[in-house]
Every structure is written in C-alpha cells, then in structure tokens.
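Reader: Before I use this model, I would like to see each label set against its cut-off. Can we go through them in turn?

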Amino acid sequence: MAFSMPPEALLEGAAKPSGSEQSVLEKHVAFFDRNHDGIVYPWETFEGFRAIGAGYLLSMTGAFLIHFALSSKTRPGKCPSPFFPIEVKNIHLAKHGSDSGVYDSDGRFISLKFEEIFRKFARTHGNALTSGELMAMLKANREPQDYKGWIGSWTEWMTLYNLCKDNNGLLRKEIVKGVYDGSLFERMERDRKPHRK
C-alpha cells in the first residue's frame, strides 16, 4: 500500500521538538500527576482513579499494581524507591509487549495502528467494540510467552471497558482515542465534579 504523505505525518504527537512538549503517552500519564511535578506517586494515581469514577478498591489496587510494575522502568539507573514513583518523561520506557502498538517506542501516537483496531475488530458497529471484539483484539495482540504483557493489556482494556462502556455495552472509538491522549480522563473528572458537590 502506498501513502501520499510522509511516514512522520502518520504520527500524532510526534517527537518532542523543544523538550517542553509532551508525547501523547506522557499526556496519557500526566493526568495522574496531580501536583504537576513530573513524578506520579501511588497516592496521586489513587486520587486520579477516584476522580474519574473508579471505586475505592479498584483505585487502590490499580495504584499499587501500576506503580509496582512501572516505577523502576521509568527510573533507569536509580535506586529503587519505597514510594514507587513514576517519572512521566520516561513513561515510554515502561511500554509492555502484547499491546495494540498505537504508541511507538517513543510514546508517539500512530494513527494507522489506532484505526486498525476498529477496522479489524469492530464487526458489530464500525466505531465501537463489544466485549467479545475487545477480547478478540487482546488475543490477536498476544506475543508468544509474554505473560506480563498479556496481563497488562487485559487489565488496562478491561478497566477501560468497565469504566467507559455505554448502555449497550459498547466501547466507542472516541472514548478509546481520548484514553490514548489523556483527554478522556480530564473530561470524566469535569463531568463528575457537579455530582460530588
């Protein structure tokens, strides 16, 4: 297949040109950096989960598992910390296998890979995934003997599905896109604020 645009045009949130702009993957994680210092601690992740409507147990479990799995990967060459911090600028180092491939190794968004999810797996509705279609995608993305990657992908996608499916049990394309760039989290927090007052 030939493309009329250069390959770099297929990347959204391309490489950080000036050092101050974040990659799309960094934006995805930055929502959980509640004090905006470039480091996410487990209590901030817990607070972020609660802000988007996750229950207490899911928020606590998610914060523990995420930080336990990712902290050391985002802090290369540093001693382990009992606080399990995640450095936002290094989140691309924590990418796991068996994922969708929508983020490249530098944390940039690959539009073609995103569109491929729905082209290949959204059979019932072109712009949404059912739970069965989501499971088919996860199975297709599995790399041989990458058990950690399988668990990581399953956990991420099932959490998203359970928090964001619509009344018909569909995970809509615009929701998934919002997760990749982090905008969904901000929108969910804004939408919940009136209910919490």
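Predicted model: local features only at pLDDT ≥ 70, side-chain atom pairs only at ≥ 80, totals over all residues.

**Labels and cut-offs**

Reader: Why is Cys 79 called exposed?

Author: Its relative accessibility is 63%. Exposed means over 50% relative accessible area, buried under 20%, and partly exposed in between, with a 1.4 Å probe and protein chains only.

Reader: Is Cys 164 buried or exposed, and what makes it so?

Author: Cys 164 has a relative accessible area of 14%, which is under the 20% limit, so it is buried.

Reader: How many disulfides does the structure hold, and what would count as one?

Author: A disulfide is a pair of cysteine sulfur atoms within 2.5 Å. The structure holds zero of these.

Reader: How many helices and strands are there, and what makes a run of residues one or the other?

Author: Helices are DSSP runs of H or I with at least four residues, strands are runs of E with at least two, and both are numbered from the N terminus. The protein chain has eight helices and six strands. Their order from the N terminus is β-α-β-α-α-β-β-α-β-α-α-β-α-α. Of the 197 residues in the chain, 42% count as buried.

**The largest pocket**

Reader: Which element gives the most to the lining of the largest pocket?

Author: H6 does, with 14 residues. The elements giving two or more residues to that lining include H1 (24–30), H3 (56–70) and H6 (147–164).

Reader: What is the lining of the largest pocket by class?

Author: It has 30 nonpolar, 14 polar and six charged residues. Ala, Val, Leu, Ile, Met, Phe, Trp, Tyr, Cys and Pro count as nonpolar, Asp, Glu, Lys and Arg as charged, and the others, Gly among them, as polar.

**The nonpolar core**

Reader: Which residues touch the most other members of the largest nonpolar core?

Author: Ile 117, Trp 157, Leu 160, Leu 171, Val 176 and Tyr 180 do, in a core of 39 residues. Such a core is a set of buried Ala, Val, Leu, Ile, Met, Phe, Trp, Tyr and Cys residues joined through side-chain atoms within 4.5 Å. H6 supplies the largest share, five residues.

Reader: What does Val 176 contact beyond its neighbours within four places in sequence?

Author: Contact means heavy atoms within 4.5 Å. By that rule Val 176 is in contact with Phe 114, Phe 118, Trp 157, Leu 160 and Leu 171.

Reader: Why is Ile 52 called buried?

Author: Its relative accessibility is 6%, under the 20% limit, so it counts as buried. Ile 52 is in the loop between H2 and H3. Leaving out residues up to four places away in sequence, it touches Phe 31, Leu 163, Phe 185, Met 188, Glu 189 and Arg 192.

Reader: Why does Ser 105 count as exposed?

Author: The value is 54%, which is over 50%, so the label is exposed. Ser 105 is in the loop between E3 (86–87) and E4 (109–110). It touches His 92 and Lys 95, not counting residues up to four places away in sequence.

Reader: What sets the phi of His 36 apart?

Author: Most residues other than glycine have a negative phi. The phi of His 36 is positive, near 55°. His 36 lies in the loop between H1 and E2 (39–40), and at 66% relative accessibility it counts as exposed.

Methods
Residues numbered from 1 in each chain as written. Heavy atoms only, no water.
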